[in-house]
Structures are given as structure tokens and as C-alpha cells.
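Subject: Structure handover, two ligands

Hi,

Here is the structure you will be working with. Please open it first, then read my notes below.

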Amino acid sequence: MDAQRVDLILIGARGKVGAAFRQLLARQQLALLAEVNLDLRLLAAFDRRGFAFDAIGLAPGSLEGAMYARAGADVERLIEFVATRAGVPTIAVDCTASDEIADLYPQLFDKGIGVVAANKRANARTLAFYHGLQRSAREHGVPYRYETTVGSAIPLLGPLRDLRLRGERVESLQGVLSGSLSYILHRMHEGCPFSAAVVEARDLGYTEPDVMEDLRAIDLSRKLLVLAREAGFSMEVDDMRVELLGDLQIDVDDVVPALQLLDDGWRIRVEAALARGERWVAVAEATPDAARIGLHSLPAHSPFAQLAPGQNLIEIRTELQDRMPLRVSGPGAGVEITAAGVLSDAVSAAMHWPSRH
Ligand SMILES: NC(=O)C1=CN([C@@H]2O[C@H](COP(=O)(O)OP(=O)(O)OC[C@H]3O[C@@H](n4cnc5c(N)ncnc54)[C@H](OP(=O)(O)O)[C@@H]3O)[C@@H](O)[C@H]2O)C=CC1
Ligand SMILES: N[C@@H](CC=O)C(=O)O
């Protein structure tokens with residue numbers, strides 16, 4: 001039997017997650033062919049600066065030489081090329097944090113192109129936009145997957161969707177959803193100054209391209225919104241109450257000197273928590289009617305306070321799993337693990353291309 005060819009368009013190709021995705025794809029292409037008869041090729045790759053295309057397939061592991069400076073109409077031409085050729089399912093893999101790329105999803109669906117996203121922005125807009133995307137992907141018979149947008153590669157959104165489809169009402173969600181904040185707070189309880197912990201998290205690839213989105217819980221708000229919506233809660237941004245990590249209206253390119261001014265305040269708060277036998281934890285919670293994010297000083301024996309640096313833990317209570325909630329846990333951030341989750345989504349989308357059923 002001929003292998004099933006599926007093409008990928010990688011957006012954010014030289015970013016941290018995008019580059020790790022390419023390396024992983026390069027390592028897995030032959031295994032996918034041998035094990036599941038899937039011929040997954042990289043048709044095109046681009047970022048803000050460069051563009052590469054090969055109708056036969058680019059070498060994902062060594063893309064740098066193939067990329068040339070972007071011209072205005074490259075992306076439009078690429079979408080038209082894919083839309084007018086027949087027979088090769090194509091998936092755009094969004095490894096950016098860009099609203100401009102999220103704006104493209106409706107057009108991609110319309111042209112018969114599926115989407116796998118690590119980018120949270122599309123699903124964290126209005127509820128109407130979120131439902132519109134789901135509907136559009138369904139109507140055009142193309143996959144739309146974004147498992148890594150909450151909890152990185154932890155299987156979380158898929159199981160939540162399964163609960164919903166089997167009619168099991170989700171009653172509440174509670175958890176540590178930010179890998180970056182989990183890391184930063186953990187390190188602070190080990191004696192690391194706040195600003196140094198932020199730099200470490202950034203260097204390890206745990207933060208957003210703009211680290212202030214982590215520190216001001218903007219990224220975490222997006223995650224909670226997506227998670228709540230996947231649980232079936234009709235949640236808008238305005239339904240969320242967010243307590244920030246202190247006064248963090250920092251608007252300069254190099255945030256580190258400004259963060260250093262907060263080191264002493266944080267040291268005092270952390271030492272006081274430790275003296276009480278507690279630890280600071282960034283907790284996100286949602287019920288069908290409300291959602292909130294706050295910093296809590298929890299007893300050190302709380303499961304949320306015992307997580308490894310960067311780890312996430314989410315408790316899901318349903319009508320059938322109430323006294324003993326479903327618990328899902330694992331690394332909540334990291335470039336390699338996120339790229340692995342993105343590849344899982346791409347492989348699964350390729351193997352279950354909806355319009356073929
Ligand atoms: N790190 C993690 O643990 C996790 C990350 N994610 C998500 O993964 C995504 C990527 O993160 P990360 O790799 O760290 O980000 P980076 O900043 O390292 O990379 C972003 C990439 O996107 C490209 N890009 C930005 N805007 C556009 C645009 N308008 N058109 C085309 N390309 C664009 C950039 O290109 P250029 O360099 O040319 O500007 C760059 O290649 C984010 O949405 C993040 O939330 C999700 C889960 C976990
Ligand atoms: N900044 C993020 C990275 C993944 O989305 C986080 O850890 O919450």
C-alpha cells in the first residue's frame with residue numbers, strides 16, 4: 001500500500017519551539033513511514049524574516065540554508081498553491097506567539113488546510129471566535145489541534161474533550177498551569193532571587209517570547225480560558241479575576257534591572273511563607289460561572305506546593321469524579337517537550353484527517 005503523504009507548513013520555523021520541532025521531525029520521519037505508513041513532509045517553513053518552500057519536501061533538520069528573505073506575497077501564494085493542488089492533506093503548524101498568524105486560521109480552514117497550534121492566541125479571543133474556529137474546521141473537514149497550548153505535552157485537552165463527548169459534566173478545574181511560574185516560584189523557595197529565577201526560566205525556554213506575559217499572568221489567563229472552554233464552560237476574558245504577581249507594569253526592553261528592584265520584597269514574602277510551613281503557588285481555578293488566578297501561600301504538604309520546578313498539576317472534578325478528582329500532571333513548559341507535543345498533534349491530525357471519514 002502506498003504511504004499516505006501529508007504536508008506540513010511550519011510557521012515560526014527558527015523560533016525555539018519551531019526549531020526543536022524541525023529537529024524532532026527530521027528524526028522521526030523514517031520511523032513514521034515504517035511504523036504507520038505516514039509520509040510526513042515539510043512543504044514550507046517561514047518566520048517573520050525568511051521563507052522556504054520545496055514541493056518535494058524540505059530537509060527539516062537543516063533548513064537554514066534553504067531560507068531566503070521573505071517577500072510580501074510569499075504566504076498568500078503558498079496558501080493558493082496548497083488550495084489548488086489536489087490530493088495532499090496539508091497542515092499549518094503554528095509555533096509563533098503571533099496574533100497575525102492566529103488571524104490566518106479561518107482562511108487556512110477555508111482553503112482546506114488543517115492547523116496544529118502551540119500558539120494560544122486564537123482560542124483565547126472571544127468565545128464567539130473560539131466557537132467559530134471549531135465550527136469552521138469541522139465544516140471544512142480539516143483538523144484543528146492545540147494540545148500544547150495548555151500544560152505543554154501533558155495529555156489534558158484531549159481527555160477533557162473525551163469527558164465532554166461522553167456527556168460527563170465537568171464541575172471545576174483547579175491547578176498549577178504555568179510552567180514558567182511554577183519554575184520561578186520553586187527556585188525562589190530554594191533561595192534564588194526573583195530576578196535571577198526569571199532569567200533562569202527564560203534561559204531554559206520556559207517563558208513566552210515576552211517574559212512579562214508570564215509574570216503578569218497574561219499567558220496563564222489565556223491557558224485558563226482555553227482549558228475552561230474545552231471543559232464546556234462559556235467563559236469570556238472578563239469572567240476571569242486575575243491577581244498579578246505584584247506591581248508589574250514594567251515596560252522596558254531589558255526587564256531584569258526592574259525585576260531586581262523586587263528581589264528584596266519577594267525574599268521577605270518567601271521567607272515568611274517558609275517560616276509558616278507554606279509555599280507560594282500560582283493557582284488557576286474555574287467553574288462554569290467564574291475563573292480566577294491568584295497567588296496562594298499553601299501548606300507545604302499540599303500537592304500543588306510539592307511540584308517539581310516547571311511541573312504542572314491539574315485537578316478535574318466532574319459529576320462522576322467529585323470526591324476523588326481526576327489528576328493530570330507533568331512538565332508544563334520546555335522547548336523539547338512542547339515540540340514533542342506539537343509533533344504528536346501533527347501526527348494524530350495527519351492520521352485522522354477528518355474529511356477522509
Ligand atoms: N516554551 C514553552 O514551554 C511553550 C511554548 N508554547 C508556545 O509556543 C510558541 C512559540 O514559543 P517560542 O518558540 O518560545 O517563541 P520564539 O520567540 O522563540 O519564536 C517565535 C517564532 O515565531 C515567529 N513569528 C513571530 N511572529 C510571526 C509572524 N507574524 N509571522 C511569521 N512568524 C512569526 C518568529 O519569527 P522571527 O524570529 O522572524 O520574529 C519566531 O520564529 C508560543 O506561542 C508559546 O506560547 C506553548 C507551550 C509551551
Ligand atoms: N510561558 C508558558 C510556556 C508555555 O506555554 C508557561 O510556562 O506557562
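Why does ligand 1 lie between domain 1 and domain 2? Both domain 1 (4-152 + 337-356) and domain 2 (157-332) give residues to the shell around ligand 1, so ligand 1 lies between them. The domain bounds come from an automatic or database domain assignment.

Some ground rules. This is a predicted model: local features need pLDDT of at least 70, side-chain atom pairs count only at pLDDT 80 or more, and totals for chains, interfaces and linings use all residues. Residues are numbered from 1 along each chain as its sequence is written, chains are lettered from A and ligands numbered from 1 in the order in which they are written, and side-chain values use heavy atoms, with hydrogens and water left out.

Ligand 1

There are 26 residues around ligand 1 (a heavy atom within 4 Å of it). R48, T96, K120, E208 and G334 come nearest. By class, the shell has eight nonpolar, nine polar and nine charged residues. Here Ala, Val, Leu, Ile, Met, Phe, Trp, Tyr, Cys and Pro count as nonpolar, Asp, Glu, Lys and Arg as charged, and the others, Gly among them, as polar.

Now the polar contacts (pairs of N or O atoms within 3.5 Å). A polar backbone atom of T96 is 2.7 Å from an oxygen atom of ligand 1. For R49, a polar side-chain atom lies 2.8 Å from an oxygen atom of the ligand. A nitrogen atom of ligand 1 lies 2.9 Å from a backbone N or O atom of G205. The protein buries 90% of the 930 Å² that ligand 1 exposes when taken alone (Shrake-Rupley method, 1.4 Å probe).

Ligand 2

Which residues are around ligand 2? They are K120, S178, G179, S180, Y206, T207, E208, D214, D219, K223 and A333. Two are nonpolar, four polar and five charged.

A side-chain N or O atom of D214 is 2.4 Å from a nitrogen atom of ligand 2. A polar backbone atom of G179 is 2.9 Å from an oxygen atom of ligand 2. For S178, a side-chain N or O atom is 3.4 Å from an oxygen atom of the ligand. On its own, ligand 2 has 250 Å² of accessible area, and the protein covers 90% of that.

Best wishes

Conventions
A polar contact is a pair of N or O atoms within 3.5 Å; within protein, one must be able to donate a hydrogen and the other to accept it, and residues adjacent in sequence count only if both atoms are side-chain atoms.
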